[in-house]
Amino acid sequence: MAGARQAVGEARRIVVKVGSSSLTTAAGGLDADRVDALVDVLAKVRSGGERELVLVSSGAIAAGLAPLGLTRRPRDLARQQAAASVGQGLLMARYTASFARYGVRAGQVLLTSDDMSRRAHHRNASRTLDKLLAMGAFPVVNENDTVATDEIRFGDNDRLAALVAHLVQADLLVLLSDVDGVYDGDPARPGTVRIAQVRGPEDLAHVEIGSAGKAGVGTGGMATKVEAARIAAAAGVPVVLTSTVHAGDALAGADTGTYFHPTGRRAAGRLLWLQHASTPQGSLTLDDGAVRAVVERRKSLLPAGIAGVEGEFSAGDPVELRDRAGRPVARGLVNFDAKEIPRLIGRSTRDLARDLGPAYEREVVHRDDLVVLHP
């Protein structure tokens, strides 16, 4: 364990995620003292110039509640987006002022899951974050709540943080909340014990993970944080999950919170977003040969291997690839509209090119835009 914590202390590029409950008052407004306390820690960590930090910050919707006269987080998307529109400006203004105390400029980066599954947008986001870090700015990332629809929302910033950690090739992800780690029971009950490290899913098999906290200003909870930690760990990024008040100790490599060991290797960045951040707009049923080609040989999906189509989707949308039993085996970005698929089913690309034109001599889902769900 000492070696793992030493690696945490030596991590050069770090993504830190902070939740709404750590930044706002119970009434829904931003707590300037809490924001300043967090910035104090982050500014100190990067002050030597050897460590780069990216902050994934919740709080936009929560910050917009009080100014709009809302007493609690609304359930409907339209009012959530209105609150985010007001709150995002207040949140960035607070961060800008707080980082300015250290001569540091904060840069706002707003992302949607739909953007990040697409090759060009993913590449541009990566370049922007790299350039901000190279120029000495402090990137503050949030979901673009004002434009995201129900279908393309991350749902919580914990998962977004895991994906951003992979996007920037971080050495460490730190998830901050109001609980100082994962416990083997309700932390409020006497006798429960903090789980110091997690090497794999089996270490948490006996643990009942809680949902959103009592403040009611966020969407997450311990369940979303553990899931985010698993996503990051499976992509080769170690994770520390702890409370905001212990952020400094966690970043220094002290024995605080719960440490998630990496369980996998780094993969192609955009495919992780496709797997964990996209919502399929329809599905394609594959014959047995196509399932083997896609899953076992990592081939593109050709029209000849399609047995059926469901849903309404457009070219470029994410779709689910299923076997004949209806089990999802892969997910990918489709190259044709749903209404075009029926006349492609079971036909070779050569025949399609001859009958319909050269635009149809291509894959339905290219292997570069495809991720296998159950290898």
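1. Helix 2 (residues 32-46) and helix 4 (residues 77-100) cross at roughly 50 degrees, and their axes come within 9 Å. Helix 2 is therefore oblique to helix 4; angles under 35 degrees count as roughly parallel, over 145 as roughly antiparallel, 65 to 115 as roughly perpendicular, and the rest as oblique. The crossing is right-handed, meaning the near helix is turned clockwise from the far one by less than a right angle. Axes here are lines fitted to C-alpha atoms, for helices over the stretch in contact, with angles from 0 to 180 degrees between N-to-C directions. On the helix 2 side, A32, V35, D36, L38, V39 and L42 meet R94, Y95, S98 and F99 of helix 4; contact means heavy atoms within 4.5 Å.

2. A quick word on the source: this is a predicted model, where local features need pLDDT of at least 70 and side-chain atom pairs count only at pLDDT 80 or more, while totals for chains, interfaces and linings use all residues. Residues are numbered from 1 along each chain as its sequence is written, and side-chain values use heavy atoms, with hydrogens and water left out. Helices (H or I, at least four residues) and strands (E, at least two) are DSSP runs, numbered from the N terminus.

3. Now for helix 7 and helix 8, which pack at about 15 degrees with their axes 8 Å apart. They are therefore roughly parallel to each other, and the crossing is right-handed. D158, R159, A162 and L163 from helix 7 meet T224, K225, A228, I231 and A232 from helix 8.

4. On to the inside. The largest nonpolar core has 41 residues, of which V15, V141, V164, L173, V182 and F260 touch the most other members. (Such a core is a set of buried Ala, Val, Leu, Ile, Met, Phe, Trp, Tyr and Cys residues joined through side-chain atoms within 4.5 Å; buried is under 20% relative accessible area, exposed over 50%, partly exposed in between, with a 1.4 Å probe and protein chains only.) Elements giving two or more residues to this core include strand 2 (52-57), helix 7 (157-167) and helix 8 (222-234). Helix 7 gives the most, with seven residues.

5. Leaving aside neighbours within four places in sequence, V15 is in contact with residues including V54, V56, V164, L173 and V174. Apart from this core lies another, of 30 residues, among them V104, V140, L172 and Y259.

6. Strand 2 has six of its six residues buried. Both faces are covered, with E52, V54 and V56 on one side and L53, L55 and S57 on the other. Strand 2 runs parallel to strand 1 (residues 13-18), joined by six bridges, and parallel to strand 4 (residues 138-143), joined by two. Two strands pair if DSSP finds at least two bridges between them. V56 is the bridge partner of K17 and also has V141 in strand 4 as a partner.

7. Finally, there is an open sheet of five strands in the order 10-9-11-12-13, with mixed pairing. Strand 10 (306-311) and strand 13 (370-372) each have a single partner strand, so one side of each is left without a neighbour in the sheet. Three bridges join strand 13 to strand 12 (residues 328-333), and the two run antiparallel; R331 stands opposite V371 in strand 13. Helix 11 (residues 288-295) packs on the sheet, touching strand 9 (282-286), strand 11 (318-322), strand 12 and strand 13.
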